[in-house]
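Take a walk through this structure, one stop at a time. Keep the sequence and the 3D view side by side.

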Amino acid sequence: KLDFIDSIGRDKCAAIGNGHNDSLMLRHAGLGICVIGEEGAFAKSILEADIVCKNVMDALGMLGNPLKIKATMRS
């Protein structure tokens, strides 16, 4: 997954995942979104993500509304 992100450019990529095999992808994507969902999520993937959502539909909703991303990530 990380190789794919590199092929399109890390800064141009958003990634959504929750498993052990997603942690590198979430860390290196321009925007990493971890979804917890009913099955849970790998703790390291949660820590590597920029944003954590409760399900994939909420994550996709974030991508469809940049103001939600801005509000979530503001400091």
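Isoleucine 16 lies in strand E1. The model is a predicted one. Isoleucine 16 counts as partly exposed, because its relative accessibility is 27%. What does isoleucine 16 touch, leaving out residues up to four places away in sequence? The list holds Met25, Leu26, Ile33, Val35, Val56, Ala59, Leu60 and Leu63. Alanine 49 sits 33 residues away from isoleucine 16 along the chain. The C-alpha atoms of these two are separated by 8.8 Å.

One of those contacts, Val56, is the next stop. Valine 56 lies in helix H4, which covers residues 56-64. Its relative accessible area is 41%, so valine 56 is partly exposed. Valine 56 also belongs to a nonpolar patch on the surface.

Now go to the loop between strand E1 (14-17) and helix H2 (23-28), where asparagine 18 lies. Is asparagine 18 buried or exposed? It is buried, because its relative accessible area is 16% and the cut-off for buried is under 20%. A polar atom of the asparagine 18 side chain lies 3.1 Å from the backbone oxygen of glycine 40. Gly40 is also on the contact list of asparagine 18, which leaves aside neighbours within four places in sequence.

Next come the charged pairs. Side chains of opposite charge can pair when their charged atoms come close. How many salt bridges does the count give? It comes to three.

Start with lysine 1, found in the segment before helix H1 (2-8). Lysine 1 forms a salt bridge with aspartate 22, with the closest N and O atoms 2.4 Å apart. This pair links distant parts of the chain, 21 residues apart. Lysine 1 is in the segment before H1, and aspartate 22 is in the loop between E1 and H2. Lysine 1 counts as exposed, because its relative accessibility is 51%. Aspartate 22 is at 5%, so it counts as buried. Leaving aside neighbours within four places in sequence, lysine 1 is in contact with Asn21, Asp22 and Met25. Lysine 44, by contrast, is 43 residues along the chain from lysine 1, and their C-alpha atoms are separated by 16 Å.

Another salt bridge joins the side chains of arginine 27 and glutamate 48, at 3.1 Å from N to O. This pair, too, links distant parts of the chain. Arginine 27 is in helix H2, and glutamate 48 is in helix H3 (residues 43-48), 21 residues apart. Arginine 27 is partly exposed, with a relative accessible area of 39%. Glutamate 48 has 18% relative accessibility, so it counts as buried.

Aspartate 6 and arginine 10 form a salt bridge as well, at 2.5 Å from N to O. Aspartate 6 is partly exposed, at 39% relative accessible area. Arginine 10 is partly exposed too, at 33%.

Finally, step back to the whole chain. It has five helices and three strands. Read along the sequence, they follow the pattern α-β-α-β-α-β-α-α. The radius of gyration is 12 Å, close to the 11 Å of the globule rule for 75 residues, so the chain is as compact as a globular protein of that length. Along its principal axes, the C-alpha trace spans about 30 × 30 × 20 Å. Buried residues make up 33% of the 75.

Notes. Residues are numbered from 1 along each chain as its sequence is written. This is a predicted model: local features need pLDDT of at least 70, side-chain atom pairs count only at pLDDT 80 or more; totals for chains, interfaces and linings use all residues. Side-chain values use heavy atoms; hydrogens and water are left out. Patches are made of residues with over 30% relative accessible area and no salt bridge: like charges are joined within 9 Å, nonpolar side chains (Val, Leu, Ile, Met, Phe, Trp, Tyr) within 5 Å. Accessible areas come from the Shrake-Rupley method with a 1.4 Å probe; for residues, only the protein chains shown count as cover. A salt bridge is a side-chain nitrogen of Lys or Arg within 4 Å of a carboxyl oxygen of Asp or Glu. Helices (H or I, at least four residues) and strands (E, at least two) are DSSP runs, numbered from the N terminus. Buried means under 20% relative accessible area, exposed over 50%, partly exposed in between (1.4 Å probe, protein chains only). A polar contact is a pair of N or O atoms within 3.5 Å; within protein, one must be able to donate a hydrogen and the other to accept it, and residues adjacent in sequence count only if both atoms are side-chain atoms. Contact means heavy atoms within 4.5 Å. The radius of gyration is taken over C-alpha atoms; the globule rule is 2.2 Å times the number of residues to the power 0.38.
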